[in-house]
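Please read it alongside the sequence and the coordinates shown here.

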Amino acid sequence: MLRSIITHYGGGPVGLETLAATVGEESVTLEDVYEPYLMQMGFLTRTPRGRCVTPQAYAHLGLPFQGQEQLQL
C-alpha cells in the first residue's frame, strides 16, 4: 500500500477509493485494517485531500524522500 502511494501518486495525497482500486483491495478493508496500523507506525497520514505517506515510510522502504517538505528547501 505504501509503495503504491509512492510509485503511482508521488507519495499522495490519494483518495481512498482510488487507492483501493490501485492495490486491488476493498476500501473498507484499507480503512479498517491497514490504515490504523500504518498510522500508528507513523507511515501514513489522512488529510482532507487523501492519504499521504510520511518521510518515515520512505525510510522504511529504503527510498529517497521526494515529498513536499524536501521540495520546499
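Arg46 lies in strand 1 and Glu35 in helix 3, so the pair ties together parts that are eleven residues apart in sequence. Helices (H or I, at least four residues) and strands (E, at least two) are DSSP runs, numbered from the N terminus.

Residues are numbered from 1 along each chain as its sequence is written, and side-chain values use heavy atoms, with hydrogens and water left out. Because this is a predicted model, local features need pLDDT of at least 70 and side-chain atom pairs count only at pLDDT 80 or more, whereas totals for chains, interfaces and linings use all residues.

## The network around Glu35

Which residues are linked with Glu35 in a network of salt bridges? The network consists of Glu31, Glu35, Arg46 and Arg51, and a search of the whole structure finds four salt bridges. Glu35 also forms a salt bridge with Arg51, the closest N and O atoms being 2.4 Å apart; Glu35 lies in helix 3 and Arg51 in strand 2, so this pair ties together parts that are 16 residues apart in sequence. The side chains of Glu31 and Arg46 meet in a further salt bridge, at 3.9 Å from N to O, and since Glu31 lies in helix 3 and Arg46 in strand 1, that pair ties together parts that are 15 residues apart in sequence.

Leaving aside its neighbours within four places in sequence, Glu35 is in contact (heavy atoms within 4.5 Å) with Met1, Leu16, Leu30, Leu44, Arg46 and Arg51.

## The strand hairpin

Strand 1 (residues 44–47) and strand 2 (residues 50–53) run antiparallel and are joined by four bridges, where two strands pair if DSSP finds at least two bridges between them. The two strands form a hairpin with two residues between them, and the bridge partner of Arg46 in strand 2 is Arg51.

## Packing of helix 2 and helix 3

The axes of helix 2 (residues 16–23) and helix 3 (residues 27–40) come within 8 Å and cross at roughly 90°. Axes are lines fitted to C-alpha atoms, for helices over the stretch in contact, and angles run from 0 to 180 degrees between N-to-C directions. The two helices are therefore roughly perpendicular to each other, since angles under 35 degrees count as roughly parallel, over 145 as roughly antiparallel, 65 to 115 as roughly perpendicular and the rest as oblique.

The contact is made by Leu16, Glu17, Leu19, Ala20 and Val23 of helix 2 and by Ser27, Leu30, Glu31 and Glu35 of helix 3.
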